[in-house]
Amino acid sequence: MEEIFVCPECGSENVEIIRERGRELTLRCRDCGHVWHVTLPKLIRVPLIVSKHEVSFKTFAELPAGEEIGVGDIVETEDDEVRITGVELDENRRVSRAKVEEVRTLWGESLGYPKVIKVSIYLPKGLTQAFRVKVSRDEEFAVGEVVEVGGYTFRIEKIKTERKMLTHGVAKADEITVLMGHGIPRARARRKLELYRGYRKETAGRGGG
């Protein structure tokens, strides 16, 4: 966990550590010369279960004692950025937010892995074709947009996000869970979406990970 220090006199971040004893630091501003002392917070190592869709990995997050952690917060591990999706206390009790000292296990979603979205395409005679696609988390989708997936072209009529169902407007992929719409054969798609093959096949294709 990298600390960024700001000079209390001039506001500069051009600061150097001139003495370190455990969590006690003596700092000096390279711009104005001001010297001051700080005590770093005690870090607690909390078990963290990171989800990469259908596969989960156990790691740890080092978090400052005395602070709170909650659903929606983002923490950093040694090799990933993770958004917290669950906070578990003793006796398997789930809460939305808690003091770091009280947490037994955190659950989270890797933000370093592409977003996987479900796609439901409504076809004639009451049939539905379902796919999963992988997209950049920053990519946006709009109701009314025509896209292609798995050889089918369809118009997005509804976008289900983690919080609500959209029948108009735009949403970022990071928030989307399902794209829905009717198939429109021979229509020209704005873009073609890449099918998701499953975590193990995806990582095998990249040489592991």
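Me: Does Tyr152 count as buried, exposed or partly exposed?
Reply: This is a predicted model, in which local features need pLDDT of at least 70, side-chain atom pairs count only at pLDDT 80 or more, and totals for chains, interfaces and linings use all residues. Residues are numbered from 1 along each chain as its sequence is written, and side-chain values use heavy atoms, with hydrogens and water left out. Buried means under 20% relative accessible area, exposed over 50%, and the range in between is partly exposed (1.4 Å probe, protein chains only). Tyr152 has a relative accessibility of 30%, so Tyr152 counts as partly exposed.

Me: Which residue forms an aromatic pair with Tyr152?
Reply: Rings of Phe, Tyr and Trp (its six-membered ring) pair if their centres lie within 6.5 Å; planes under 30 degrees apart count as stacked, over 60 as edge-to-face and the rest as tilted. The structure holds one aromatic pair. Its centres are 5.8 Å apart with 50° between the planes, a tilted arrangement, and the partner of Tyr152 is Phe131.

Me: How many disulfides does a search of the whole structure find?
Reply: A disulfide is a pair of cysteine sulfur atoms within 2.5 Å. The sulfur of Cys7 has its closest cysteine sulfur in Cys32, at 3.6 Å, which is too far for a bond. Likewise, the sulfur of Cys29 lies 3.6 Å from that of Cys10, its closest, again too far for a bond. The number of disulfides found is zero.

Me: Which ring does the charged end of Lys52 sit over?
Reply: A charge sits over a ring if NZ of Lys or CZ of Arg is within 6 Å of the ring centre and within 35 degrees of the ring normal. The charged end of Lys52 is 5.6 Å from the centre of the ring of Phe57.
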